[in-house]
Amino acid sequence: MFDRILPYLLAGISVGGQYALIAVGYTMVYGILRLINFAHGDIFTAAGFFMVYLTASLPMSVSIPLVIILTVILGFTVERVAYKPLRTAPRMSVMISAIGASYLMQNLMWYVTGGLAKQYPVLPWLGDTVQIGSASTKIVTIVTPILTILLVIALVTLIQKTKIGMAMRAVSHDFEISQLMGIRINSVISVTFIIGSALAAVGSMLFFTNYSTVTPTVGAMPGLKAFVAAVFGGIGSIPGAVIGAFIIGIAENLIRAAGYTAFSDAFTFALLIVVLLFRPTGLFGEKTAEKV
Amino acid sequence: MSLLYIKDLKVSYGGIEAIKGISLEVNKGEIVTLIGANGAGKSTTLRAISGLVPLKDGVITYDGQVISGQSPQKIVSEGIGMVPEGRRVFPNLTVLENLKIGAYLRKDDLTPDIDHVYQLFPRLKERSWQLAGTLSGGEQQMLAVGRAMMMRPKLLMMDEPSLGLAPLVIRDIFKIIETLHEENITILLVEQNANAALRIADSAYVLETGSITMHGTGRELLDNPQVKEAYLGKSKKG
């Protein structure tokens with residue numbers, strides 16, 4: 001019995017880690033701007049294409065850091081172009097702008113790739129196979145949760161212990177008073193997008209090592225699920241997003257193990273509905289009302 | 001010598017003129033108070049000084065330099081501190097972090113300043129590691145004052161520091177204002193508690209719907225029959 005479930009469990013933990021790396025980006029941006037960054041899933045996809053195109057002419061050791069840098073630049077640019085000019089606009093306008101940014105990027109990716117699925121390069125070592133008990137799996141499956149947890153611990157330490165982290169917490173609570181403290185809120189917001197995009201870039205490397213092809217809309221589903229994970233964990237809370245992501249990843253795969261593969265996506269979204277109905281603030285969400 | 005000088009300040013929000021051309025002066029070492037009813041434009045005046053709202057017209061000079069049009073970051077770094085209305089400490093930061101963030105622009109050692117604040121407010125020291133959101137209203141007010149002091153301001157603007165506090169706590173707050181005054185910090189105090197504010201003020205202005213209607217020393221306004229009637233609630237006794 002356990003032997004049969006083990007591979008699914010491993011896959012679940014691994015997928016959960018990938019969702020977590022994306023979910024952190026959603027939850028951080030929400031925490032600071034009260035904005036659902038709809039473009040985040042597309043930034044994740046773009047990171048996939050960056051890797052495809054970069055490895056075509058550059059060695060892996062150069063491509064990997066370059067992918068992270070390019071993704072960070074993209075995330076930063078989206079914020080500066082699509083969100084910053086709307087800082088004092090009603091929140092709905094920013095949300096529409098986010099949807100616009102998302103479709104713009106998707107369409108650009110269609111245009112550049114011609115809509116064809118691109119083969120993701122095989123990352124050395126991560127793609128190798130290992131044997132765990134009775135299950136054989138890729139190394140990436142084992143690396144993902146470990147790397148995710150290390151990155152999240154680093155991030156939480158940054159937010160709790162450093163000056164910029166303190167500024168992020170302050171800005172997430174009160175723009176105006178933060179300005180009176182001398183904090184440049186635009187810099188703090190940029191840092192948030194930079195961190196979120198860097199984590200999405202790492203997440204994309206892990207994800208596509210398993211998934212192997214990149215299409216312009218491939219990020220939609222993991223992006224959406226990461227978003228559900230962030231809501232489930234309590235949007236705005238980083239530990240919440242990570243725990244939510246692991247729960248969703250594992251639950252999806254256990255449902256597959258039980259033979260209901262067709263329903264695994266449905267489960268995620270059913271979970272979203274149930275959470276919104278019975279616990280709208282999620283597992284670790286703030287209890288406070290809307291910011292005024 | 002005037003530390004802060006405002007000339008013909010006008011501020012409007014979406015077409016409505018909240019401040020209709022006021023001029024006021026704060027001399028070095030003084031306590032200056034701005035009293036008036038709700039919506040008179042007291043907070044707006046402070047927000048304009050700190051750079052949070054744009055001026056429609058007028059000039060604000062501080063220490064001989066024009067500061068109107070500068071960013072809030074620049075203005076705070078020049079030495080104008082603000083204790084905002086409703087305290088607005090960061091509830092999700094600890095007491096100590098709230099003090100540290102008050103000195104966000106400083107790069108030197110903060111220990112003497114933190115010690116100084118804790119000496120003024122021993123209650124805060126006891127609660128150093130608590131989240132500011134768990135403090136009582138009076139303690140949060142003390143923290144808001146302490147936070148503003150971390151930048152070593154020359155001018156401290158205080159917006160309704162007594163609002164919503166118990167009478168005993170209000171007395172403490174006014175004592176603190178006098179202590180700060182003794183430490184040579186110039187104070188611009190906005191208050192609805194006109195009685196207490198006028199008692200400690202060297203100079204006072206009455207603001208009504210965006211215009212200054214009266215100006216004098218604290219004592220003069222305290223004895224002024226119109227002020228008594230409108231703000232001190234003493235009309236019946238005369």
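User: How do you know how far chain B can be trusted?

Analyst: The model is predicted, so local features need pLDDT of at least 70 and side-chain atom pairs count only at pLDDT 80 or more, while totals for chains, interfaces and linings use all residues. Residues are numbered from 1 along each chain as its sequence is written, with chains lettered from A and ligands numbered from 1 in the order in which they are written. On pLDDT, the predictor's confidence in each residue from 0 to 100, chain B averages 91, and 98% of its residues score at least 70. The model has an ipTM of 0.90 and a pTM of 0.90.

User: What makes the radius of gyration of chain B agree with that of a compact globule?

Analyst: The radius is taken over C-alpha atoms, and the globule rule is 2.2 Å times the number of residues to the power 0.38. For 238 residues a compact globule would have a value near 18 Å; chain B has 17 Å, which therefore agrees. The C-alpha trace spans about 50 × 45 × 35 Å along its principal axes.

User: Why are the buried residues of α4(B) said to line one face of the helix?

Analyst: A residue is buried if 20 or more other C-beta atoms, placed from the backbone, lie within 10 Å of its own, exposed if 12 or fewer, and partly exposed in between. Helices are DSSP runs of H or I with at least four residues, strands runs of E with at least two, numbered from the N terminus. In α4 (residues 111-120) of chain B, the buried residues are B:Asp113, B:Ile114 and B:Val117. Seen down the helix axis they fall within an arc of 100°, so they line one face; the arc is that of the directions from the axis to the C-beta atoms. The face turned away carries the exposed residues B:Thr111, B:Pro112, B:Asp115 and B:Gln119.

User: What makes β2 and β5 of chain B edge strands?

Analyst: Strands pair if DSSP finds at least two bridges between them. The open, antiparallel sheet of four strands runs β2-β1-β4-β5 (chain B). β2 (16-27) and β5 (65-66) each have a single partner strand, so one side of each is left without a neighbour in the sheet. β1 (residues 2-13) and β2 of chain B pair over nine bridges; B:Leu4 has B:Val26 as its bridge partner in β2(B).
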